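Here is a short briefing to read alongside the structure. Please have your viewer open, and jump between the topics as you like.

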Amino acid sequence: EIYMKKIFVSVLLVLLVGVSTIMGTYAVIINVVSDNGVDKIVDVINIKDLLSDDNGNYNSTYYDVRNELNISDSEMDVLMNSSYLNDSLKTVLDNVVSYKLRGGTKLSNDDIYNMIVNDVNNDDSINNILKNKVIDKSNVYRSDISDCIYDLDVNLISDL
C-alpha cells in the first residue's frame, strides 16, 4: 500500500507534476510569501528538485519512477527537463497554494491528467514511445492524482 502510493506520487511528479510530498522519506514544503494579497512561491521547484536530494543525487523516488515507467536515465532526463511539464508543475503548485491558503478550487483529476497529456504531446523532445508510456501510466493512476497533489504542505512565511 505505502509502496504503491510512493510510486503513484513519483510517477505524477515526473509527469507533471509531480508536485507532491514524497511519501515517507522526502517531503516537499511549498514556502510562500504574500505581498498585498498576492501569494508567491519562494523557491522555484521543478521536477528534478523533487527527484533529487540536497546534494543533487537522485533519490529513491527517481529510481522508482524510472522503473515504473520502464525507461532509461536519458528518457528520465527528457521528462525532468521538459519545459512543458515544468511549466505545468508551476501551475499546479500555484493552485495548491491558492487552495491551501485562500480556499481556492482544486484542479480535478481530469484537469491534471489532461495537462499531462497535452504537455507530453506538445513537447517535441519527447519521443512517441515515451509519450505513450507517460500517458498510459498517468491513466492508471488518474483517479487519485488530485488527492495526492493537494496533500502537499504549504508554509506561509510572511505577509510583506
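This is a predicted model: local features need pLDDT of at least 70, side-chain atom pairs count only at pLDDT 80 or more; totals for chains, interfaces and linings use all residues.

In brief, H3 and H4 are roughly perpendicular to each other, whereas H6 and H7 are roughly antiparallel.

**The hairpin**

- Strand E1 (residues 29-35) pairs with strand E2 (residues 38-41) in the antiparallel sense, and four bridges join them.
- Ser34 has Asp39 of E2 as its bridge partner, while Asp35 is bridged to Val38 of E2.
- Two residues lie between the strands of this hairpin, and Asn36 takes a positive phi there, near 55°.

**Helices H3 and H4**

- Helix H3 spans residues 60-69 and helix H4 spans residues 73-80; they pack at an angle of about 105°, and their axes are 10 Å apart.
- Angles of 65 to 115 degrees count as roughly perpendicular, and therefore H3 and H4 are described that way.
- On the H3 side, the contact is made by Tyr62, Val65, Arg66 and Leu69, and on the H4 side by Asp73, Met76, Leu79 and Met80.
- Sorted by class, the contact of H3 with H4 holds six nonpolar and two charged residues, with no polar ones.

**Helices H6 and H7**

- The axes of helix H6 (residues 109-122) and helix H7 (residues 128-140) cross at roughly 175° and come within 10 Å.
- Angles over 145 degrees count as roughly antiparallel, so H6 and H7 are roughly antiparallel to each other.
- H6 brings Tyr113, Ile116, Val117, Val120 and Asn121 to the contact, and H7 brings Lys131, Val134, Ile135, Ser138 and Asn139.
- The residues of this contact of H6 with H7 comprise six nonpolar, three polar and one charged.

**The second largest pocket**

- The second largest pocket holds about 180 Å³ of space.
- Its lining is made up of Ile41, Asp43, Val44, Ile45, Asn46, Asn86, Asp87, Lys90, Leu93 and Asp94.
- Which helix gives the most to the lining of the second largest pocket? That is helix H5 (residues 83-102), with five residues.
- By class, the lining of the second largest pocket has four nonpolar residues, two polar ones and four charged ones.

Note on methods: Residues are numbered from 1 along each chain as its sequence is written. Side-chain values use heavy atoms; hydrogens and water are left out. Axes are lines fitted to C-alpha atoms, for helices over the stretch in contact, and angles run from 0 to 180 degrees between N-to-C directions. Angles under 35 degrees count as roughly parallel, over 145 as roughly antiparallel, 65 to 115 as roughly perpendicular and the rest as oblique. Contact means heavy atoms within 4.5 Å. Ala, Val, Leu, Ile, Met, Phe, Trp, Tyr, Cys and Pro count as nonpolar, Asp, Glu, Lys and Arg as charged, and the others, Gly among them, as polar. Two strands pair if DSSP finds at least two bridges between them. On a 1 Å grid over the protein atoms alone, a cavity is a set of points where a 1.4 Å probe fits but cannot get out, and a pocket is an open set with protein on both sides within 12 Å along at least five of seven lines; lining residues have an atom within 4 Å of a point. Grid points are joined across faces, edges and corners, and a volume is the space filled by probe spheres set on the points.
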